[in-house]
Amino acid sequence: MKKAIVVFGALMVAAMIGACEKQAAAPQTKSESLPAGLIVNAPPTGAVDVVALKKSPQDGSTVVVKGKVAGLQEPMSSNRAILTLADSSLPTCDATPGDKCETPWDACCEPAAEIAAKTISVQVVGPDGRPLQVGLGGSTGIAPLKNLVVAGTAKTLAGSNAVVIQATQIYVAP
């Protein structure tokens, strides 16, 4: 019996040590906040549609683009300052009478090539050039199907028609 208690005690100590090591190894979440002045009360001037911007994007150029948060089932990241902005000409299910789609912003009835041609990525980056570790939703008023005007710097991805805007200002239309 004494031997069984010693073995049981040794197993418990080993289990506790293992649990402590696992807790210590858990990554810490870095809390970041959006920069002051990112959300503006008036739309930046000179906005063009997403499709017009994608026709001839200039890498590194300052741009102002307008569109709606749409194009994916989850067009906004919950833990990164990233969203998908769609051209207003991209049909979404909310505009289809009688459609009962649970995620009407995903444009699921459109061909993938059409969605890709009419969407861009928008991100807010920190000094290291990486997207901030904070979602764009919540108190900002940004949500799926909301119309936005975004000012920032265009980044193009070589060999594709993908465009990423590093946002410095975002106007959320009422």
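Gly-141 counts as partly exposed because its relative accessibility is 29%, a value between the 20% limit for buried and the 50% limit for exposed. Keep in mind as you look around that this is a predicted model.

Where does Gly-141 lie? You will find Gly-141 in the loop that joins β5 (119–123) to β6 (147–156). Setting aside neighbours within four places in sequence, Gly-141 is in contact with Lys-146 and Val-172. Tyr-171 is 30 residues away from Gly-141 in sequence, yet the C-alpha atoms of the two are 9.5 Å apart in space.

Next, let us turn to a charged pair. The side chains of Lys-118 and Glu-114 meet in a salt bridge, with 2.7 Å from N to O. The count of salt bridges comes to one. Lys-118 is buried, because its relative accessibility of 15% falls under 20%. Glu-114, at 28%, is partly exposed.

| Residue | Relative accessibility | Class |
|---|---|---|
| Gly-141 | 29% | partly exposed |
| Lys-118 | 15% | buried |
| Glu-114 | 28% | partly exposed |

Now step back to the whole chain. Three helices and seven strands make up its list of elements, and along the sequence they follow the pattern α-β-β-α-β-β-α-β-β-β. Of the 174 residues in the protein chain, 33% are buried. Among contacts with a separation of 6 or more, 67% link residues 24 or more positions apart. The protein chain exposes about 10500 Å², and carbon and sulfur atoms supply 57% of that area.

Conventions
Residues are numbered from 1 along each chain as its sequence is written. This is a predicted model: local features need pLDDT of at least 70, side-chain atom pairs count only at pLDDT 80 or more; totals for chains, interfaces and linings use all residues. Side-chain values use heavy atoms; hydrogens and water are left out. Helices (H or I, at least four residues) and strands (E, at least two) are DSSP runs, numbered from the N terminus. Buried means under 20% relative accessible area, exposed over 50%, partly exposed in between (1.4 Å probe, protein chains only). Contact means heavy atoms within 4.5 Å. A salt bridge is a side-chain nitrogen of Lys or Arg within 4 Å of a carboxyl oxygen of Asp or Glu. Accessible areas come from the Shrake-Rupley method with a 1.4 Å probe; for residues, only the protein chains shown count as cover.
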